[in-house]
Amino acid sequence: MSVLSVAKKDFLDVRRSKSVWIVSVLYALLVVFVFYLGRGGTSEPNVVYQLSNLSTIGLPFIPIIALMMVYLAIAGERESGSIRYLLSLPNTRRDVVLGKYLSRGAVGASVILVAFGVGAVTAVLWYPSLEPTVFAGVAGLTVLLTLAHVSVAISISAATGSRSRAMAGSIGFYIVSNIMMLLPTLSIVTALEYVLNNRLELGLSDHLFEFLRMLSPTIAFRKAFPLVVPSDIGTFMANVDPSAPAYLAPEVALAILVAWLVVPAVLGLWRFNRADLG
C-alpha cells in the first residue's frame with residue numbers, strides 16, 4: 001500500500017461516520033441561518049457583511065468540526081490494536097500518518113466547501129450580489145483554518161496511545177488556542193503580559209503580546225481576514241492597528257496559519273515513529 005491507499009481506505013471509513021454527517025449538516029444550517037438573518041433589516045442585504053458575521057459566529061465551531069473527525073484517526077487504532085494490522089501491510093508509519101492526514105483533511109475541507117456552496121445558493125436567492133471573489137476568499141481561508149486543526153488533531157492522535165488521551169489533548173488545545181484566545185481576559189498571553197510588564201516592569205510592547213496571540217491558528221485566521229474582504233470590513237474584523245509593526249501584517253498571519261498545516265503533522269509523525277506500539 002501507500003499514502004494514497006491509506007488515504008482512500010480511511011476516507012471510505014470516515015465518510016460513514018454519523019458524527020461527520022451531523023457536524024456537516026449543523027454547520028451548513030448555521031451558514032443558511034446567518035444568511036437568512038441578513039436578508040431583512042432596513043438596509044440593503046450585503047453578502048460581505050454576512051460573510052464577516054459568519055466568520056465571527058462560526059469561528060468557535062470550525063476547530064470542533066476538525067478535532068471531532070480526526071482525534072481518533074490513529075489513537076483509536078492504537079488502542080484497539082488494529083494499527084498493527086495496518087502496519088503489517090506494506091505501509092510505513094509515515095504512510096499511515098500522511099494518509100490519514102490527507103483523508104481527514106479532504107473530509108474537513110469538503111464539509112466547509114459544501115456549507116459555503118449552500119451559502120452561495122442562498123446568497124444568490126436572497127441578496128442583490130454574490131460577491132464571488134470575496135465569497136471564495138473567505139471559503140478558502142476557512143478551509144485553511146480547518147486544515148490547521150486537522151493537522152493538530154492528527155499530531156495529537158499520532159502522539160497518544162489511547163482514546164482518552166487523544167480526547168484530553170484535543171479538548172486542551174481547543175481551550176487554550178480558541179476559547180482563551182477569543183476571550184483575552186482568560187488568555188495565557190494576558191497572564192504573561194501581566195507578569196512581565198505589571199510585576200517585573202519590563203515595559204514590553206503590546207504589539208509583542210499581540211503577535212504571541214496571533215500564533216494561535218484562530219487568531220491568525222482573524223488577522224488574515226483583510227486579505228480576502230474589502231479593507232474597511234477586514235480591518236474592523238481583524239482589529240488592525242494602523243501603527244502596528246510589519247510582523248502583525250495580515251500576510252504574516254496567513255503565513256502562520258499555513259505553518260499550522262505542516263508543523264503539527266510533522267511533530268506528530270516524529271513522535272509516532274518513536275512510539276512503542278507493543
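## Before we start

This is a predicted model, in which local features need pLDDT of at least 70, side-chain atom pairs count only at pLDDT 80 or more, and totals for chains, interfaces and linings use all residues. Residues are numbered from 1 along each chain as its sequence is written, and side-chain values use heavy atoms, with hydrogens and water left out.

## Rings that meet

The structure holds 7 aromatic pairs. Rings of Phe, Tyr and Trp (its six-membered ring) pair if their centres lie within 6.5 Å; planes under 30 degrees apart are stacked, those over 60 are edge-to-face and the rest are tilted. Because Tyr 36 lies in helix H2 (residues 18–37) and Trp 126 in helix H7 (residues 93–126), the pair ties together parts that are 90 residues apart in sequence. Helices here are DSSP runs (H or I, at least four residues), numbered from the N terminus. Tyr 36 is partly exposed at 43% relative accessibility, and Trp 126 is partly exposed at 28%. For these labels, buried means under 20% relative accessible area, exposed means over 50%, and partly exposed is in between (1.4 Å probe, protein chains only).

Phe 211 and Tyr 247 form another pair, with centres 5.6 Å apart and planes at 85 degrees, so it is edge-to-face. Phe 211 belongs to helix H11 (residues 206–214), while Tyr 247 is in the loop between helix H13 (231–238) and helix H14 (250–274). Ring pairs also link Phe 35, Phe 116, Tyr 127 and Phe 135 into a cluster.

## The nonpolar core

Which residues have the most contacts inside the largest nonpolar core? They are Tyr 27, Phe 35, Leu 51, Met 69, Phe 116 and Val 138, in a core of 71 residues. Such a core is a set of buried Ala, Val, Leu, Ile, Met, Phe, Trp, Tyr and Cys residues joined through side-chain atoms within 4.5 Å. Helix H8 (residues 132–159) gives the largest share of this core, 13 residues.

Leaving aside neighbours within four places in sequence, Met 69 is in contact (heavy atoms within 4.5 Å) with residues including Val 14, Val 20, Arg 104 and Val 111.

## A closer look at helix H11

The buried residues of H11 are Phe 209, Glu 210, Arg 213 and Met 214. Seen down the helix axis, they fall within an arc of 150 degrees, so they line one face of H11; the arc is that of the directions from the axis to the C-beta atoms. These buried residues pack against H9, helix H10 (188–199), helix H12 (217–223) and H14.

Ser 205 caps the N-terminal end of H11, with a side-chain oxygen 3.0 Å from the backbone nitrogen of His 207.

Is Ser 177 buried or exposed? Ser 177 counts as buried, at 6% relative accessibility, and its place is in helix H9 (residues 163–182). Leaving aside neighbours within four places in sequence, Ser 177 is in contact with Ser 216, Pro 217 and Thr 218.

Leu 202 lies in the loop between H10 and H11 and is partly exposed, at 48% relative accessibility. The C-alpha atoms of Leu 202 and Val 228 are separated by 37 Å, with the two residues 26 apart along the chain.

Conventions: Helices (H or I, at least four residues) and strands (E, at least two) are DSSP runs, numbered from the N terminus. A polar contact is a pair of N or O atoms within 3.5 Å; within protein, one must be able to donate a hydrogen and the other to accept it, and residues adjacent in sequence count only if both atoms are side-chain atoms.
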